[in-house]
Amino acid sequence: MITLRINGEKHKIDVDPTMPLLWAIRDIIGLTGTKYGCGEGVCGSCKVLLDNSPVQSCMIPVSVAEDKNITTIEGESRNLQLLQESWAELNVPQCGFCQPGQLIAATALLDKNDNPTDEDINAAMIGNICRCGTYQRIKNAIHRTVELKNQN
Amino acid sequence: MSTIKNISRRSFVRSIGLASGGLILACNTSVFSDKEKAPENLIDFNPNLFVQLNSDGSLILVASRSEMGNGVRTSLPSVIADEMDADWTRVSIKQAVGDKKYGDQNTDGSRSIRYLYEPMRKMGAMARAMLISAAAQKWQVPEEECSAENHFILHTSGKKIGFGDLVHIAKTLEIPAEDTLTFKNPKDFKYIGKHLRSIDVEEYANGSAVFGLDKRLPNMKFAAIARCPVTFGSVKSFDKTATLKIAGVIDVIEIPRIERPFGALGGIAVVATNTWAAFKGRDALKIEWDFGDNQVYDSDEYMKQITENVHKQGKVSKDVGNVNRAFNGADKIVESTFQLPHLAHAPMEVPNAVAWVQGDTCEVWAPTQEPQASRTEVVEYLQTDREKVTVNVTFLGGGFGRKSKPDYVVEAVAISKAINAPAQVVWSREDDIRHGYYHTVSAQYLKASLNKNGNVTGWLHRFALPSIVSTFSPGVDYAAGFEIGSASNVPFELENMKVEVGQAPAHVRIGWLRSVINIPHGFSLNVFADELAIAANEDPLEFRLKLIGKDRIEETQDPIKYNTARLKNVLKIAAKNAEWGKELPKGHAYGLAVHYSFYSYVASIVEVSVVNNKVQVHNVFTAIDCGTVVNRDTVKSQMEGSAVFGISLAFYGKITAKNGAIQQGNYSDYQMARIHQAPKVHVEIVDSDENPTGVGEPGVPVIAPAIINAIYQVTGKRYHNLPLSDHGLV
Ligand code: FES
Ligand code: FES
């Protein structure tokens, strides 16, 4: 039995400890906001926060995630929520499939950088592919989030 | 009030009662006699698209087309809502299942708005007219004294009543005759032509949008299939011992190939309690394959072959004037050979589907661009009645043409039937890259003559590429009419021109991919025209405008003829916005391309830098004329996305085959443009009240050639082959 703490909630699961966290989240626990895109760590669709760091959940065995705080797109975080609002305001998503991973990566960025430059954004988001090509809006929405935070 | 153009006499609208007590309007959508549509689509005239207004004022509009980032769940319903004078905030969307009663649901070919703009307006107008009649009846006043505004009917006296409160009367009324309908004056549009956010944007952002991959049913099993590395190869024997030892694996099943264009490829399916176990179990299978005829396929060798085929005379498909005489009398001859590789769609969400077969009935949940074709495949496979098969359309995590080919749907059905439980088939990314329907590989040869004044006097275009038709009629080895059109209808003023097609048999499944034949032809035509400008020693923009020539409507086989004035206009707008001719930083240059496709006109000017032999695209100035615009934001986002799609294919797009097997397998060796490579895209949309035309695809073909033309301006080197990664440029 492995215990995962996802979005503050504990889940006891009986799986092979080498199972990637992605599949435990999606197929065993049933939170489907975290997406499969490549399974080899190169697309970012599966990103979650593991103790506040963005990781590709397709590359992390569940055993490694045990006893850590896991935040998925369904989770709550101030920066995530603000980013989601900007995402909606600027109508960022096209097909939407990559966006949970994009939002998790952007959340991790804002968690440690209050005012990222375009270069900071590129560095933080380079691991996230958007096949629809929404990068320009992603950038704008991150800047917009910072702007709104500074206003408040 | 204005009238709508092109309303077919065959269309009709009628009212049907609804148990839930709402008012439903159903309207035939086959109002275009578009030659692109197969005749069978016009035969079935059952009522189809629905408006449902409930007595609480909530308005449910049906989306008959698939949402894959094209914005169609927002744009089409917004047309109804606008014409109906409904309040958009009261609208919710119901996704239609695959059924002929909705008309053509194939979300492909940049057609949704083109086909459905007018029917949607009619549905809205019809609903408004009935609500006005209902209010007039309730108030005992003439209809002329009533009008609609934002979910209310108003009377000249100042009283008003909400739409919902009129439902019980409206639903008893006869549907008004179509010729009595009135339509809003476009200047009064509230949603059409404006910016609307996606109606699903919150669900996308909070992760609750249900894509095919996210569908879950009680007791659902997950399955992965081992398919032969070579297209249409088959299983000789297999050993499942190791697979069955893997925790979570339930069963191993052989799936036969279904020899239909959208049939399953066949292979060995591993059924498990979770996706990972299914993938692992699949990897543990020992399979001996019979690779079959296509194991001869070597894409490098093949490129040599088709290149030879364009260096000799081909089948003549167009011959105007006398090209040879023009060539003989030339001041200068320019000739170039272009080679473009196969591409894969690689939508972010891999192909997948959930099916649940129970006896002779079946329900499917799939991210499909083509729910009706999906349904047909299932009906054929199960040999059951159409009514017993339901195909639900989920959100699509990208489609780009891949998901209009529902081979994966039948796979899920075959597995569910075999295990007698709901099953989700999941393609790994490797499956997606290695077993797709590939964008064609192509060789092209262009030759043109210039006279002393720098005018093009003769034009020869030869190309060889495996045709999409080969997927439907095995053995076809020449391009089909629709694949020739963009070469023979080249929008240049040419007195002497010839188009020839070379032989090119197919060894993989060839399928349409976002903008289809316009990728190779848009590339060669735009790069070659640029080479001619250089040869003529003229500015590429001036030269191109001259080459397009005088304003005229070109005769083509298409129902919509193209208009060279509109083509030149988008090019001029892009050039104006880019400030063509201005000085750019050192190592930077502009390149241009302009192309007509899916009845739309698009020009892009790209700013490229080449530093340390590495290309970066900084800015893209795109102008599009797509006729009437429904959602400006969608047009804009499609142009932004098209620029990135074009950069991906220009930088990295290359699928190769050795011994018949595709050599790439994931985003690591079939790469995509990433955020640091994304340019700023500046979009201008031409104001127009012409009929709406395509948006999803026509932004793509201009990007790669414009990049090539810009690279030439910086480096003096001309590249005729893609991708640029092959040239060490990325
Ligand atoms: S699915 Fe994990 S990085 Fe792509
Ligand atoms: S929005 Fe479709 S992949 Fe990013």
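Which side chains are joined by a polar contact of 2.8 Å? In this predicted model, local features need pLDDT of at least 70 and side-chain atom pairs count only at pLDDT 80 or more, while totals for chains, interfaces and linings use all residues. Residues are numbered from 1 along each chain as its sequence is written, chains are lettered from A and ligands numbered from 1 in the order in which they are written, and side-chain values use heavy atoms, without hydrogens and water.

The pair is Ser110(B) and Glu697(B). A polar contact is a pair of N or O atoms within 3.5 Å; within protein, one must be able to donate a hydrogen and the other to accept it, and residues adjacent in sequence count only if both atoms are side-chain atoms. Ser110(B) sits in the loop between strand 5 (91-95) and helix 3 (112-139) of chain B. Helices (H or I, at least four residues) and strands (E, at least two) are DSSP runs, numbered from the N terminus. Ser110(B) counts as buried because its relative accessibility is 14%. Buried means under 20% relative accessible area, exposed over 50%, partly exposed in between (1.4 Å probe, protein chains only). Residues up to four places away in sequence aside, Ser110(B) touches Phe598(B), Gly694(B), Val695(B), Gly696(B), Glu697(B) and Pro698(B). Contact means heavy atoms within 4.5 Å.

Chain A holds an open sheet of five strands in the order 2-1-5-3-4, with mixed pairing. Two strands pair if DSSP finds at least two bridges between them. Strand 2 (9-13) and strand 4 (53-56) of chain A are at the edges; each has a single partner strand, so one side of each lacks a neighbour in the sheet. Neighbouring strands of this sheet are turned by 40° against each other on average, direction ignored. Axes are lines fitted to C-alpha atoms, for helices over the stretch in contact, and angles run from 0 to 180 degrees between N-to-C directions. Strand 3 (residues 47-50) and strand 5 (residues 69-71) of chain A run antiparallel, joined by two bridges. Leu49(A) has Thr71(A) as its bridge partner in strand 5 of chain A. Helix 4 (residues 99-112) of chain A packs on the sheet and touches strand 3, strand 4 and strand 5 of chain A.

Chain B also has an open sheet of five strands, in the order 14-22-21-20-15, with mixed pairing. Its neighbouring strands are turned by 10° against each other on average, direction ignored. Eight bridges pair strand 20 (residues 442-450) with strand 21 (residues 456-464) of chain B in the antiparallel sense.
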